[in-house]
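Q: I have a structure open and would like to learn how to read its features. Could you walk me through a few of them?

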Amino acid sequence: MAETRAGPQIREIFNTMEYGPVPESDACALAWLDTQNRQLGHYVNGKWLKPGHRKTVPCLDPITGDSLAVCFEAQAEDVVAAVEAAWTAFTDWSSQAGAQRAQHLTRLAKAIQKHQKLLWTLESLATGRAVREVRDRDMPLAQQLLCYHAGQAYAREKALAGWEPVGVVGLILPPTFSFLEMMRRIVPALAVGCTVVVLVPPACPTPLLLAQLAGELGAFAGILNVLSGPVHLRSALASHPAVRKVAFCGAVEEGRALRRTMAGAGTELSLALGAESLLLLTETADLDSAVEGVVDAAWSDRSPGGLRLLIQESVWDEAVRRLQARMRRLRAGRGLDGAVDMGTRGVAAVARAESYVHQAQRQGAQVFQAGDVSTDGPFFPPTLISALPPAAPCAQVEVPWPLVLAFPFRTANEALAMGHGLLQGNCASVWSEKLGQALQLGYGLQVGTVWINAHGLSDPAVPMGGYKENVSSQHGGPDGICEYLRPSATPAHPLHSPESLNCDTFGLPAASGLLVGPEMLPSSVPRYGCFVKGRFQALGGQNFRPIQDLSGTIHGYVAEGTAKDVQAAVEAAHQAAPGWAGQSPEARVALLWVLAAALEHRESALTSCLERQGKGPEAAQEEVKRSLECLREWRIPQAQGRTLQATGLRGPVLQLQEPLGVLAIMCPDEWPLLAFVTLMATSLTYGNSLVMVPSEDYPLPALEVCQEIADLFPAGLVNVLTGSHDHVTRCLALHQDVQALWYFGSAQGSQFVEWASAGNLKSVWVNQGAPRAWDQEAQGAGLEFRLRASRTKTLWLPMGD
């Protein structure tokens, strides 16, 4: 009876208790830190480097503020030591067969699997991220990355026989990076034979642990080196002459500054800027699923940035009501607690979010905050911002974590217009039960990855790239592998420091005694205006440059292109771009065939032009022949169309090879006809519209081609400007509506193009003054041109109910 009477009391006690999963123990992470005496140096050449007389930075628990360890800050000499170790290891590592590199990566995958609890615990403890996101998503995907690229290192060795690793890769990561984002850039570089130096902010222990696991495998100790250092070391790493490629992840302004710093150094730069994503919710969407998509995109610790949410007006009220109800059930707390939905990114991230919210409120926004948020630490509640005027300053900048900025839209076209206003083109998701509508929006959005009725899906075999300010960033799949390769046949850019170039005065128009006005042109010599909108422009109001042969005989006058001509050509190219990009690849290639047939009738005139330049009859005939063959030999590239790729996640992925947009091309002086035709045919095949500048010394062969372009191509598709290369280069490089620029000229011009491209972070391809053998197939066509002339967009398609 006593036992029976005690029952209600016991039940009452249990009913007052709080239940929840037992938090993950941090014992293994603390034990590993103890093995380093709570002092973390740098991991270089397979061993710990803890130099004396270094400034130390505390590695703190972002929630409690307790000290976990102290980290030595790297200095310039540490960067030199790490790059030298990577350069030394590169010779041996790159010479290994693909099978050996695959075996090594597989061993690293097994090491990560063996120590995965230590990795996810340390990552969550040091960064504040929710442990279930690191444990259940990042760690499995990291192992899949290693296994996939191990297979690619072996399987694609023969397919990429004409390519070689770029060399030492410098990876620069921001404070908000995740373990998975780091692995996405390290693994493909190692797979193709590159070695890596990673620069992380101070007090980031997980990359050091990864480097230790790689170093403990024994062989190839220097292939992965990790330094902890301040911001000013970025330029030291990027400008080191032995570093041949830099992959930078971070803020847009920091990327612009790095672009200018590296201009002219001959080092490739890949930029992954910003972290904001886009979610588009239509009136036909399953609202409950879409709300969960918002939670995954903004508050699951999956994305380092905030979310821009577009909701169709007809379902705005209901969607916001359901979203607010779901926000009330979210938990924000200590990352090692497996029951929380979101952790923290530290005091700095919370301060950025608070500042953004206060500014948005002052600009007229409505702010809704909810959720079970712990008060024991720097936590920020799930936040929804709405009613912000589209022209408000807060609406024009990147949305920080963990905020969601919501806007209504009426029609699909309005949604696309709002999406096009974003500066970064990272990723987006479209939520609609009508597949046709979802595909229309997915095709139209200017982003690198689009998920339909899902968000954040990932597969190592699927390319993920960017648009706009992120067009130079690519990882995943074969395209991601090629990021760390270069064609063996092309000349390597020399290792040197950038020249002292006055970018403020480069290319400014200077008085020239050669220029004459239209009233002074002799009627017996051909005269050419700029070729814009499908015709040669009127001769009035321009200066003209004489084109002479080696004996000084004048064979023609060409217009001296000005900033006004550049503006007219870019506008014409933009007007022609949608129609040409909408053509099928087959139609584009067919038009090149028609152009080749038309140029056959001008074969003698083209040959005579080249002979007057100084080429012998046989050499001139050979260049004309090769130019016609270039137009005829273009086929539909395998990756140019729409390729379906099977994945293990929720159905297939559609890969779209899309044009860059308005592409400006500065042609070289050597091979004036063949180089012009090759560059034009390549870029047109992939759907770009063009502003081209032919050889400065002898542009007449290219202008002969324009006579046929005027009759065959849509007006404005190909625009040709003549004149001073330096001046036209300056106008095009600084133009904000040019999406990409290819420059084949001097080292000084290459440096200026890279410096000026930081304005809108346009994609650039420069030759650093090195000549190119346009008559050789390896340098005049191939995969490199496809990678330069287009970008891969992935569209994840739905499957099932």
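A: Gladly. One definition to begin with: helices and strands here are DSSP runs, numbered from the N terminus. Please also keep in mind that this is a predicted model.

Q: Is His53 buried or exposed?

A: His53 counts as exposed, at 83% relative accessibility. Asn453 also has a positive phi, near 55°, and is found in the loop between strand S21 (449-452) and strand S22 (464-465). Asn453, however, is buried, with a relative accessible area of 16%.

Q: Which residues does a cis peptide bond join?

A: Look at Trp401 and Pro402, where omega is about -5°. Pro402 belongs to the loop between strand S17 (383-386) and strand S18 (403-409).

Q: Now helices. How do helix H6 and helix H7 pack?

A: Two packed helices are described by the angle between their axes and the distance between the axes. For H6 (residues 131-155) and H7 (residues 179-191), the angle is about 10° and the axes are 9 Å apart. Angles under 35 degrees count as roughly parallel, and H6 and H7 are therefore roughly parallel to each other. Among the residues that meet are Ala142 and Leu145 in H6, and Met183 and Pro188 in H7.

Q: What else does Met183 take part in?

A: Met183 is one of the residues with the most contacts inside the largest nonpolar core, which has 73 residues. The residues Met183 touches include Ile112 and Leu210. A second, separate core has 53 residues, Val624 among them.

Q: Where do the buried residues of H20 lie, seen down its axis?

A: An α-helix has 3.6 residues a turn, so residues three or four places apart point the same way. In H20, the buried residues include Ala620, Glu623, Val624, Ser627 and Leu631. Seen down the axis of H20, its buried residues fall within an arc of 155°, so they line one face of the helix. They pack against helix H18 (585-600), helix H19 (603-613) and helix H21 (674-685).

Q: What is Pro672 in contact with?

A: Beyond its neighbours within four places in sequence, Pro672 is in contact with Leu610, Gln613, Glu623, Ser695 and Tyr698. Pro672 is buried, at 3% relative accessible area, and is located in the loop between strand S33 (662-666) and H21.

Key. Residues numbered from 1 in each chain as written. Predicted model: local features only at pLDDT ≥ 70, side-chain atom pairs only at ≥ 80, totals over all residues. Heavy atoms only, no water. Core = buried A, V, L, I, M, F, W, Y, C linked by side-chain atoms within 4.5 Å. Buried < 20%, exposed > 50% of the residue type's maximum accessible area, 1.4 Å probe, protein only. Contact = heavy atoms within 4.5 Å. Helix = DSSP H or I, 4+ residues; strand = E, 2+ residues; numbered from the N terminus. Arc of directions from axis to C-beta. Axes fitted to C-alpha atoms, helices over the stretch in contact; angles between N-to-C directions. Parallel < 35°, antiparallel > 145°, perpendicular 65-115°, else oblique.
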